[in-house]
Amino acid sequence: MKIILQTFIFTCLTVFLIFVPRDSGTNEIKISSLFVKNKFFVKTTVDLGISEATGSILPLNTGMKSLDILNNKYGITKIERVFNLNNGDPVIYNKLEMSRIYVFHTENFYTYNDILSVYEDNEFIDFAEPVYIGSAAGREELSGNYFPDDTYFKMQWYLDNTGSIAPSSGGAGKSGEDINMLKAWEVEEGNEDLIIAILDSGIDDRSKDLKGRIWVNKKEIPNNGIDDDRNGYTDDYKGWDFAYDDNSAGDGFGHGTNIASVIGAYRNNGFGFAGINSKSILMNCKNLSDNNSGEYEWWAQSIKYAVDNGAKIINMSEGGDDFSRVLKTAVDYAVMRGAFIAAAMMNRGDGKNYYPASIYGVFAVGATDTDGRRCKRFTWGGGSCYGRHIAVVAPGNKIYGVDYEDPYKFETQWSGTSQSTAIVSGLASLLLSQDTTRSAEEIKNIIKSTARDLTGDVKEDKPGWDMYYGYGRVDCFLALTYVDSQKRKKIEDEYRDRKPEIRNEEINKRNEVNKNEESEHDGAKARPDNKKKEYENENDKPARKR
Ligand SMILES: [Ca+2]
Ligand SMILES: [Ca+2]
Ligand SMILES: [Ca+2]
Ligand SMILES: [Ca+2]
């Protein structure tokens with residue numbers, strides 16, 4: 001059944017490119033990028049009637065004659081509501097007119113001029129737009145030989161940069177060009193009740209660093225075929241897979257597992273990596289397919305799901321080329337309900353707008369390298385995008401984390417503004433853990449006003465906000481001591497006075513950890529069959545979808 005469903009979904013995912021020539025028409029919506037060819041979004045002027053017999057909307061019996069005629073003409077096979085109220089906020093839901101946003105499915109190939117403009121002209125249609133497709137903003141690099149003999153924490157240069165790792169654009173790494181995390185952890189480690197939603201390619205939680213960290217929907221009885229909590233998703237016991245429309249949100253791509261570990265890997269558990277927040281809960285909302293493709297329908301629905309089910313921080317390390325009123329509606333819903341959303345500026349090294357990063361209310365994050373400068377080149381190429389909507393930057397190159405295929409593999413690194421976004425979501429979650437009454441606006445203001453300015457290339461990093469670095473590189477310690485200058489001074493003095501000792505002690509400790517980890521790692525390598533068996537036999541191994 002699952003295989004059939006996946007085949008069907010992959011068929012649906014077939015995408016194509018349309019190049020619209022410049023100056024091709026004043027009212028024409030520019031369609032320059034990827035979108036799903038056999039469905040499109042429609043917002044109607046009135047609610048469509050839902051059939052009592054089928055529970056869905058009959059394409060040829062909407063109750064609006066001219067719309068029925070169009071649906072017949074264009075072979076509309078199915079109409080579905082994008083946002084159901086479920087357990088959401090009815091006031092905001094109605095205010096944003098979310099009930100009137102639908103997906104129209106058709107079996108036919110269409111172009112904008114063929115269908116969307118005709119629908120937009122219909123008296124019962126508010127707007128029609130393509131279901132665009134975006135992708136994750138990080139790319140995997142397997143270095144294998146650069147860091148394998150080092151401690152895993154020491155690989156995490158962005159937490160405590162000793163300058164030992166070179167940036168991808170050449171030159172040398174620079175000590176201190178990090179997010180000032182060691183001191184920050186003295187102030188706040190995270191709140192166990194806070195939920196951080198990770199909207200990504202899914203999370204593989206077999207690693208000791210992630211096991212037990214994933215949000216469990218306590219109101220849902222698993223695998224009884226009933227939507228016990230009536231939130232619109234049956235058996236969503238550990239989040240939801242919006243890409244394949246089921247309750248098994250394993251990672252088939254690796255991106256989401258890396259993001260999850262950057263935000264929330266267990267720290268001080270003698271294993272793997274240190275997450276920024278090792279206490280809060282990670283909600284798994286899979287909205288990227290296993291080939292890194294994300295339909296805006298999944299993105300919009302997963303945003304609402306995250307908010308409705310209690311997430312206060314939403315991480316979107318992904319983006320698409322196109323503005324969408326439907327995606328904006330979902331963002332507005334989240335913002336109006338007080339959620340903090342961070343999104344990636346994206347990685348093409350240009351000044352274009354990507355979405356959701358460019359949508360008002362979203363905190364857009366760019367990437368810096370190990371020398372503190374904007375990443376003009378990641379390990380794999382590309383570069384951190386810039387523009388008027390950028391809020392801050394954070395490290396985003398050579399970011400090691402949990403591997404999605406092998407929980408005992410520690411050489412996997414990803415690079416991109418995705419990873420920077422995860423760092424900022426981690427910081428936002430610590431600020432909210434520290435004071436749960438803080439609003440998303442207050443969190444944004446604290447992060448912006450404590451960011452480090454003038455740390456980058458002088459041609460780009462102008463005093464104050466600029467379009468390449470935003471307000472600057474985030475500083476977790478300064479952010480977490482924003483309201484307590486005495487605490488800030490005390491910790492700074494302590495570190496300054498004892499710095500050489502602490503530093504040496506720390507380095508020795510890390511070397512010691514490294515030795516242990518190495519032998520554990522080597523041990524795993526020495527008996528790969530045992531290790532392999534171990535997780536082949538594991539019952540709760542998430543279904544691998546490829
Ligand atoms: Ca449910
Ligand atoms: Ca159930
Ligand atoms: Ca760990
Ligand atoms: Ca600046």
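Modeller: Helix α10 (residues 417–434) packs against helix α11 (residues 440–449), their axes 10 Å apart at an angle of about 120 degrees. Please keep in mind that this is a predicted model.

Biologist: Which residues of α11 does α10 meet, and what is the hand of the crossing?

Modeller: The crossing in which α10 passes α11 is right-handed. From α10, the residues involved are V424, L427, A428, L431 and L432, and their partners in α11 are I443, I446 and I447.

Biologist: At roughly what angle does α10 cross α7, and which residues of α7 make the contact?

Modeller: The axes of α10 and helix α7 (residues 255–264) come within 8 Å and cross at roughly 35 degrees, and this crossing is right-handed. On the α10 side the contact is made by S418, Q419, A422, I423, S425 and G426, and on the α7 side by H255, I259, V262 and I263.

Biologist: Which residues touch the most other members of the largest nonpolar core?

Modeller: That core has 140 residues, and it draws at least three residues from each of domain 1 (2–136) and domain 2 (140–497). Leaving out residues up to four places away in sequence, I314 touches A197, L199, I303, A306, A334, A339, F340 and I341. The members that touch the most others are I198, I314, I341, V365, V424, L427 and V474.

Biologist: Why do the buried residues of α2 lie on the same side of that helix?

Modeller: In helix α2 (residues 65–73), the buried residues are L67, L70 and N71. They lie on the same side of α2 because they cover an arc of only 100 degrees around the axis. In an α-helix there are 3.6 residues a turn, so residues three or four places apart point the same way. On the other side of α2, the exposed residues are K65, I69, N72 and K73.

Biologist: Is I57 buried or exposed?

Modeller: I57 is found in the loop between β2 (35–44) and α2, and, neighbours within four places in sequence aside, I57 is in contact with L48, I50, S51, T62 and I79. Because 20 other C-beta atoms lie within 10 Å of I57, and a residue counts as buried at 20 or more, I57 is buried.

Biologist: How far apart are the C-alpha atoms of I57 and R81?

Modeller: These two residues are 24 residues apart along the chain. In the model, the separation between the C-alpha atoms of I57 and R81 is 8.5 Å.

Biologist: N268 has a positive phi although it is not a glycine; is N268 buried or exposed?

Modeller: Most residues other than glycine have a negative phi. The phi of N268 is about 60 degrees, and N268 sits in the loop between α7 and β9 (281–286). With 10 other C-beta atoms within 10 Å, N268 is exposed.

Biologist: M346 also has a positive phi; is M346 buried or exposed?

Modeller: Phi of M346 is near 85 degrees, and M346 belongs to the loop between β13 and β14. With 33 other C-beta atoms within 10 Å, M346 is buried.

Biologist: What is the omega of the cis peptide bond from Y355 to P356?

Modeller: P356 is placed in the loop between β13 (340–344) and β14 (363–368). The bond that joins Y355 to P356 is cis, with omega near 15 degrees.

Terms used: Residues numbered from 1 in each chain as written. Chains lettered and ligands numbered in written order. Predicted model: local features only at pLDDT ≥ 70, side-chain atom pairs only at ≥ 80, totals over all residues. Buried ≥ 20, exposed ≤ 12 C-beta atoms within 10 Å, placed from the backbone. Helix = DSSP H or I, 4+ residues; strand = E, 2+ residues; numbered from the N terminus. Arc of directions from axis to C-beta. Core = buried A, V, L, I, M, F, W, Y, C linked by C-beta atoms within 7 Å. Domains from an automatic or database assignment. Contact = placed C-beta atoms within 7 Å. Axes fitted to C-alpha atoms, helices over the stretch in contact; angles between N-to-C directions. Left-handed = near helix turned anticlockwise from the far one by under 90°.
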